[in-house]
Amino acid sequence: MNGRAVLFLLPHWQVAAGGSPAEDGSADALSGFLDWCETVGLELSPKVYVSKEGTVSDYGLLAREDLQIGEVLFTIPRAVLLSQHTTSIRSLLEKDQASLESQSGWVPLLLALLHEYTASNSHWRPYFSLWPDFSSMDHPMFWPEEERMRLLQGTGILEAVDKDLANIQLEYTSIILPFMESHLDLFDPKLHTPELYQRLVAFVMAYRRWLWRSHFSVPSEVARRPLAVTDPSFQEPLDEEDEDEKEPNPPMMVPMADILNHVANHNANLEYSLECLKMVTTQPIGKGQEIFNTYGQMANWQLMHMYGFAEPYPGNTDDTADIQMVTVRRAALQGASTEAERQLVSEQWDFLCQLEMVGEEGAFVIGWEEVLTEEELSMTLKVLCMAAEEFKEFKEHEGWEEDTEDEESFTLSNETIPRLKASWKKLLHDSALLTLQSYSSDLKAEQDLLNDKVAYGKLSQREQQALQVRYGQKRILHQLLELAS
C-alpha cells in the first residue's frame, strides 16, 4: 500500500437528526457528492474520475485519458472550503475568538466540524457523505498502549502520541466543553464527547500537512526543524515575505482535494489563488493511473503518526531517522574519561542550549542523502568536541568566530560526513549506535522478515506498517554508521 485516503469521520450512531450520510450507500453517496460539486461550482475535468477501483486505498482520483504536465484536474471556489470563516456558526466563532485560542490553533475548525457534520441541513452534507465510518481510523493513538510499545518503540511515534493524547484531553476540558456548555442550542456534550473529540482531532490530523508551526503536539523533533512542505493543501501557505511575521493561516477542509492519496513521488499539486484552488499535474499521467497529491515531504514515522500508514521500503525517498539531541549529549558523556571532561561536556551543552541549537526534547533529523538539521548538528558536534581552552575562547566570543575556508564550505551530507574530523565522526557514530539500541529488534531480523514473503504476509497490517517505519529508520542509521566509521 502506497497511501491511504484521508477521508474519515463520525460513525453513524453518533450523528444527530438525519442519520449518517454514508448510510445511503457508496454509489449514491458519490453521485450525490459529484452533483453537489457541480451545484457549488467545483469543476472536475472530464479527463479524470473519482473511484474506489484501481486506487491504493479507498476513494481516489484516476485518469480517464492521458494527462500532460500542467493540466488542471479540478478547480475549487473558495466558498466551497469548510473552515471557521465559512461555517454557519462563523459569527459565533469570531465573537468568542479570544476564548478559543489553543496550542494547536484548530479549535475553531473542530467546532465548525462538530456542528456541520451533525446538522441535517448543513451546506456540506453531500461532501460528508463520502466520509467512511470514523471507527475505520487506525492511527497509533487508537491502538492499545501495549501494542504501541511493542511495535513502535524507538520510532518517535510513542512520544508524539502521548503528547497528542494529553493535549487533546486538556483542550477538550479547558476550551471545548466550556464553549459547548455556553451554547447548548448548538452543541450537546452528551453527543460531542471527549472520545468523539479525540477521533475528530485524528481526522483533522489526517488532513493537515507538515507545518511545524501548527502541530497539535510538538513531536520529539525540535521545532527548529526545517519546513518540509512542498504544497500543503490543508493549511494554506503564507507568502514568503510574511512567513516570519504572521501566524500560519487557519486550517480548512478542501472537498475533492482530500480524496487524493499520497506518495512521495506524487504527480499533482494544489495551487492557490485569491478566487480558487486548483489541482494541477506535475508529471505526465497515463490513462487509468491514479493521481497522487503530496501530504508534504514526510518521513514514514510522520505518515504513521498522522495518517496510519507508511510507504513500503524503499518507496519513501523523504524518509528520515531522528537522533535525539540528548542522545548526543549522552554519547559525549560516555566518551569523557575524567570528571573534568564530564564537567566540560555539561558546560558545553548548557552553552548550546543558550544558543538555541539544542533542547531536551529536540532531535537531529537524518535523511537518506543529508542531515536536515545541519546547522544544529554541525554546531553541536563542533562545540562538544572542543578542548577546554578552545571552548573557553569560543564562549568568550559568544559562539561567533571566523569560519575557515574548509568549515565554511562544509555540509553534512553523504559526501562530506566521511571527511569530518575524527572526533566529530566518533561522536556521530556513537550517537547513532545509542539510537539503534533504543529499538526492540535489530536490522537483520527485520530485513529477514521483509525478505520472507510468507512470514511478512502473516503479519497484521499494523505490524507491517510499523515494520516499514522501523526498517527505514534503521537503514538510515546504519548508513550513517558506515559514513562515520
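Of the 485 residues of the protein, 54% count as buried (under 20% relative accessible area, with exposed meaning over 50% and partly exposed in between, for a 1.4 Å probe and protein chains only). The model is a predicted one, in which local features need pLDDT of at least 70 and side-chain atom pairs count only at pLDDT 80 or more, while totals for chains, interfaces and linings use all residues. Residues are numbered from 1 along each chain as its sequence is written, and side-chain values use heavy atoms, with hydrogens and water left out.

The protein contains 17 helices and 10 strands, taken as DSSP runs numbered from the N terminus (helices H or I, at least four residues; strands E, at least two). Among contacts (heavy atoms within 4.5 Å) between residues at least 6 apart in sequence, 74% join residues at least 24 apart.

An open sheet with mixed pairing is formed by four strands in the order E2-E3-E8-E5, two strands being paired if DSSP finds at least two bridges between them. Strand E2 (48-51) and strand E5 (261-262) stand at its edges with a single partner strand each, so one side of each has no neighbour in the sheet. Within this sheet, strand E3 (residues 60-63) and strand E8 (residues 290-293) are antiparallel and share two bridges; Leu-61 has Ile-291 of E8 as its bridge partner. The loop between E2 and E3 holds Asp-58, a residue that is not a glycine but has a positive phi of about 55°. Asp-58 is partly exposed, at a relative accessible area of 25%.

Another open sheet of four strands has antiparallel pairing and the order E1-E4-E7-E6. Here strand E1 (43-44) and strand E6 (268-272) are the edge strands, each with a single partner strand, so one side of each is left without a neighbour in the sheet. Strand E4 (residues 72-77) runs antiparallel to strand E7 (residues 276-281), to which five bridges join it. Phe-74 is placed opposite Met-279 in E7.

Ser-104, in the loop between helix H2 (90-95) and helix H3 (107-118), is buried, with a relative accessible area of 5%. Its side chain makes a polar contact of 3.1 Å with the side chain of Glu-171 (a pair of N or O atoms within 3.5 Å; within protein, one must be able to donate a hydrogen and the other to accept it, and residues adjacent in sequence count only if both atoms are side-chain atoms). A polar atom of the Ser-104 side chain also lies 3.1 Å from the backbone nitrogen of Trp-106. A polar atom of the Ser-129 side chain lies 2.5 Å from the backbone oxygen of Pro-126, and one lies 3.4 Å from the backbone oxygen of Ala-29.

Helix H11 (residues 374-384) has eight buried residues out of 11, so it is largely enclosed by the rest of the structure. Among the buried residues of H11 are Glu-376, Lys-382 and Leu-384. In the loop between helix H10 (339-354) and E10, Glu-356 has a positive phi near 60°. Glu-356 is exposed, with a relative accessible area of 53%.

Cavities were located on a 1 Å grid over the protein atoms alone, as sets of points where a 1.4 Å probe fits but cannot get out, with lining residues having an atom within 4 Å of a point. Grid points were joined across faces, edges and corners, and a volume is the space filled by probe spheres set on the points. Two cavities of 30 Å³ or more were counted. The largest has a volume of about 50 Å³ and 13 lining residues, with Ile-366, Gly-367, Asn-414, Ile-417 and Leu-483 nearest its centre. Helix H17 contributes the most to this lining, with four residues. The second largest cavity, of about 40 Å³, has a lining that includes Tyr-313, Pro-314 and Trp-368. Tyr-313 and Pro-314 are joined by a cis peptide bond with omega of about 5°, and Pro-314 is in the loop between helix H8 (300-307) and strand E9 (320-324).

Key
1 Å grid on protein atoms, 1.4 Å probe; cavity = no way out; pocket = protein on both sides within 12 Å on 5 of 7 lines; lining within 4 Å.
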